[in-house]
Amino acid sequence: MHDDVQLTIGRAARVLAERVRPAVHATSVPLTVEWCELPGEPVPPVEGLALDYGPYAVGTPWGAPWGTTWFRLSGTVPSQWAGSRVEALVDLGFDAELPGFQCEGLVYRRDGVPLKGVNPRSQWVLVSEAAQAGQHVELFVEAASNPLLLDPHHPFAPTREGDLTTASGTKLYRSRRMDLALFDREVWELALDLEVLLELQAELPQGPRRMQVLQALDDALDRLDLQGISGTAGECRQALARVLAKPASTTVHRISAIGHAHIDSAWLWPVRETVRKVARTTSSMVALIEETDDFLYGMSSAQQYAWLKEHRPEVYERVTKAVASGRFVPLGGMWVESDTVMPSGESLVRQFLYGQRFFEQELGVRCRGVWLPDSFGYSPALPQLVRRAGFDWFFTQKISWNQVNRFPHHTFLWEGIDGSRVLTHFPPMDTYNSQLSGMELAKASRQFAESRVATGSVAPVGWGDGGGGTTREMTGKASRLAALEGSPTVQWEHPDDFFERAHGELELRDPPVWVGELYLELHRATLTSQHRTKQGNRRTEHLLVEAELWAATAAVRAGVEYPHDELDSLWKQVLLQQFHDILPGTSIAWVHREAVAQYERVTREAEALVARALAALVGEGDREVEANPAPFVRHGIPAGGGRVVADPEARAGRAAEPRPCAVAAVRLHHEGGGYVLDNGVVRVAISAQGLVTSAVDLATGRESVAPGREANLLQLHQDFPNRWDAWDVDSFYRNRVTDLRDVSRLDARIEAGGAHVVVERAITPHSTVRQVISLAAGARVLQVEQVTDWHETEKLLKVAFPLDVRAQHTVAETQFGHYQRVTHRNTSWEAARFETSMHRFLLVQEPGFGVALVNDSTYGFDVAREPGDEGIVTCVRLSLLRAPRFPDPETDQGLHVHRYGLVVGADVASATAEGALLNVPARHSSGDHGFEPLVSVHGEGLVLSSVKESADRSGDLVVRLYECLGGRTSGTVHLAFPGERVVLTNLIEEPLNEAALEVAHGVVEVRLGAFEVVTMRVTRR
C-alpha cells in the first residue's frame, strides 16, 4: 500500500479543529449584555450583583489593567431547545494559549451562588441539563482585566503594567461572544475520540497498532458529513469504537492523575487577585466534581482555603462539601507552597504547623505528604523537617528544569543532613500542568527511571500557575485512557494511595537514595533579587521568634497574657510572603511593594509585643536593662536573660559599671595611607583604597587574606541572562567584571567599644556606596555596614574575599545546621553549582584554621579556587544586589543596607554564634531589674531555637533545640519554672509517645544526633 500516513493525520487534524470542535456549540443565540466598570478595587459579590448596569455591545473594548468589570447576561431559552443541555458561552477576549495569565471571570447567579470560572480553556457555564422552553436566564460575570505580562511572542520584556500605580489606563480586551448555546454531547465526545487517537498514533512506533488507528480515523471520517456534523457524529464514533476499546497491556506504565491548578499565591498578579483566582478555579473544580463520577481535584496551601473562607464564603461552603465527599483533596500540609532554601528552620516549622492545623481544624483532613511542585530547589534540611512534622512523602517536579544535568531518579528516598529519609517522587512527564496529552503520557513511560522496580508515576492534571485547573476535556480524555492499547493507563487517584503503593514496591528492593540538597540548576539569582523583600523576611522571622520568647517568659514570670492572636496573624503574613515567587524576588512590582509594606507593619506590631513583654519582665524604673534574645551569651548575658547594665547615676555622667565583656581598647593608626585596627585579638589592615589587605588572628599569627590580594572588594558584573531575568544568573556573567577600587572618602575614628573606618566610593555615575568598617573590643568579627544607593540596570554587585585558606569544602548554614559543598568543579554537577545558598554564615576552613562570613540579609554566594602566590586561594563572594527589568523594571532601585562580617579564626561553633548574634541584636529598655532565662541549654553543639506557648493555647510551653556542629552530643535543658510534665513532640507539637521525660530539679537530660531537631512540650504546674 502507498504511505498515506501524513495524509490521514492532516485530514483528521483539520476536521477536528475546523469542523468538529466548532460543532459542539453549533446552535446559539446571543444574550442581552449589560455592564458596570468599577472605578477602583474589587467589591464583594453581594455589592457587584447590586451595581447599576448599563447597555453593553459585545465587541466593545473593556477592562483597564487590573480593573474589574461586572457583566449582567440575560436571555430566554428558545422553545425548540426544551429538554436539551443548554450552556452560556462567555468569551471575554481570550487568548486560548494563555489561561491564567490574562482576563478571566467568575459567574454568579442572581442569588449570589457561584457557578463556575470562565477562562480561555473553559468558556462554558451550565444553564440547565434539561432546559425548559422559555426558561429565563440571568447570570453575572465578575470579570478581571489582568494584563498579559508574559507575552509568548516577546517574553521577559520590561513593562510598567505590573503595578497599579504605573499601569496604563488602556482597555485591554474586546469581548467576542456572550451567547446561550446548545451543547451537543455526541459531537463533544467525538472531538475527544479524535484527539486521543491522533495523539496516540503520534507516539506509537510504526507497526500494526498505529496503522489500525490511522485506518480507523480514515474510516470514521468517511462517515462524517462535514455539513451535518451533529447528525453523523454517532456513526463516526462507531467506526472508532473498536480501536478505542482495545485494552492496554497489564505491564504498561500506570499514571495516577490528580486534578491540579498550582495557583501561585502571587507572581504576575498581586495577592488580592490571587484571592479571586482561587475562587474562580475552585468554583470550576467543584462544578466538574459534580459532573463526574471519579474525578479528584487536589489543592495545596492552607492560606488559599483561608482566603476563600474570609473573602468568598459562598465558594468556601461548596469546597468544604467537596472535601467532605473525598473528591476535593487538600494537599501539602503547608500554609503556602513556600521557598524552602531561604526561610529559617523555625519558619518552615510554622509552615507545617499552621498548614496542618488549618486543614485538620477546618476540614478534618490530615495531609500525609508535602506537595511543592514549583519551588526553586530544596534544602538539605528538609527531609528531617518533613518527617518530624509527621509527613510520609514529598513531591516536586522542578528539578526537571535543570540546565545541565538530568536528575537520575523519579521515585527514591531523599536523605537530609541528619540522615532522615523521606519517600520522594518526581513525575517523569516533567510538568505540574499536564493535559494528559499523548506526548506527556509517552514521555512519562519512556523516562521513568525506576521502571525496573516500580509501576507508575503521578500526573498533576490541569492549567496552572494562574489557575484554571482541570477541564472537562481532560476528564474525558482520562476516561478513554483508563486502559487503551499503546498508552499508559490513567486513573484518578489520591496521591496518598500512589505513595503507599510506591513504598510497597520500593521496600522489596534496595531503593535509590539521593543524599543532600536538591539543587536546581536554574533560577540561581532568586537568592539575590529584591533585597528588601529578603531583608524583611530575615528580620521578621527572627523578630517573631524573639517576640514569642519574651511573651512566654512574661506569661510565666509576670502573668501577662500570651498574645496568641497577634502572633498567629503576624506569622501567617510572614509565611505567605515566603511563597516561592515572593521571597525569591520574582514577582511584579505590586507584589514586592506590598511585601515591603507588610514587613514594616509586622515589624512595628512585633516590636510592640516585645516592648510590652519586656516592660513586664524588668519592672518600672530608670535603670538600663540589656536583654539578650540570641541563643548565645552576649556581653556576659545568657540567652533569654536580662541584666542591669547602667543605673541612673551612670547615665548622669558617673562611671558606669564595666560590662563583663570589656577588654582592652581597640588601637587605630595610619599605615601606608590606610589604617590598622588592632583589638588584641585580631589585627586588620585597610589600604588607602579602603580595602582589607590583612586580617590576622593574633593568637596564632594566621593571616586570613591571601598574599597580595584585597578583601571586601566590591565587584560589578554585567547581568543579562538568556531568559527569566529576575530568576536567572547565567555562568557567563563572570566574564565581565569591574573591580570598584576608586575612593571618594576614607577616614577613621575611635568610639566607645571599637574603631570605625568609613569608606565612600562611586559604583558608577548613577550609584554610590558607603561602608562603615568596624572592629569592636574583644571581637573576632570585622563588621561592615554598607549603605548602597543603587540605580543600575542589568548589573550584579558582589563583594569578594580572597582567603588564605586551602578549603576543600564550603560550610554554609541551612535550617537547623549546615551543609558542605566542594570547592572544585571536577564534574558537570559541581560546575553547575556556580551560585549557591547560605543563611547567616559561610565558613571555609583547613585543618587548624578557618574564616567565616556572616550576614544579616544575604543568601547567595559563589566560591572559586584560584591560584595564589603561595598556593591555592579560596575566593568567596557574597551576592548583594541585582537590577533585572522583568517582571519588575525597578527591581532593587534605591537605598539598601547590608551588614556582614569577616570572622577571623572561625570554626562551625563560632560561625554559628556570630551569625546568630549579628541577626538578633540585644534589647535595651528602662526598668528596675534584670531576669534569668526561662529556659537554657547546656552541651557542646546544642542551640536553643525557640521558646513559645503551644499553638493549642493550653498554656503548655514548647521548647525546641538542635545540634549545630554535625555530631552526636548530650547535654541538659534547664527549666527555670515549675514543670509538671515534659514530653517529646513532633514539629506540630503533638506528643510522639505517652512517656514523659525525667525532670530532676528542673533539669532534663538530652542526647541528640547530628543536626537533630528536638521539640519538647512542658506542662506547667
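Tutor: Begin with residue classes: Ala, Val, Leu, Ile, Met, Phe, Trp, Tyr, Cys and Pro count as nonpolar, Asp, Glu, Lys and Arg as charged, and the others, Gly among them, as polar. Keep in mind that this is a predicted model.

Student: Which residues lie nearest the centre of the largest cavity?

Tutor: They are E346, H542, V545, R840 and S945, out of 29 lining residues. At least two lining residues come from each of α9 (345-363), α14 (531-558), β37 (809-814) and β47 (942-949). With 6 residues, α14 gives the most to this lining. Sorted by class, the lining of the largest cavity has 13 nonpolar, 10 polar and 6 charged residues.

Student: What is the volume of the second largest cavity, and what lines it?

Tutor: Its volume is about 240 Å³. The second largest cavity is lined by 26 residues, and V341, E517, Y519, L527 and S837 are the closest to its centre. β37, β38 (817-822) and β39 (836-837) each supply at least two residues of that lining, and β37 has the largest share, 3 residues.

Student: How should I describe two packed helices?

Tutor: Two packed helices are described by the angle between their axes and the distance between the axes. For α4 (residues 208-222) and α5 (residues 229-245), the axes come within 8 Å and cross at roughly 170°. Angles over 145 degrees count as roughly antiparallel, so α4 is roughly antiparallel to α5.

Student: Which residues of α4 and α5 meet?

Tutor: On the α4 side they are R209, Q212, V213, A216, L217, D219, A220 and L221; on the α5 side, C236, A239, L240 and V243. By class, this contact has 9 nonpolar, 1 polar and 2 charged residues.

Student: And the strands: how many bridges join β2 to β5?

Tutor: Strand β2 (residues 32-37) runs antiparallel to β5 (residues 67-76), and 6 bridges join them. One of the bridge pairs is E34 with R72 in β5. β2 is also joined to β3 (residues 54-55), again antiparallel, by 2 bridges. There, W35 stands opposite G54 in β3.

Terms used:
Residues numbered from 1 in each chain as written. Predicted model: local features only at pLDDT ≥ 70, side-chain atom pairs only at ≥ 80, totals over all residues. Heavy atoms only, no water. Pairing = 2+ DSSP bridges. Helix = DSSP H or I, 4+ residues; strand = E, 2+ residues; numbered from the N terminus. Axes fitted to C-alpha atoms, helices over the stretch in contact; angles between N-to-C directions. Parallel < 35°, antiparallel > 145°, perpendicular 65-115°, else oblique. Contact = heavy atoms within 4.5 Å. 1 Å grid on protein atoms, 1.4 Å probe; cavity = no way out; pocket = protein on both sides within 12 Å on 5 of 7 lines; lining within 4 Å. Points joined across faces, edges and corners; volume = space filled by probe spheres on them.
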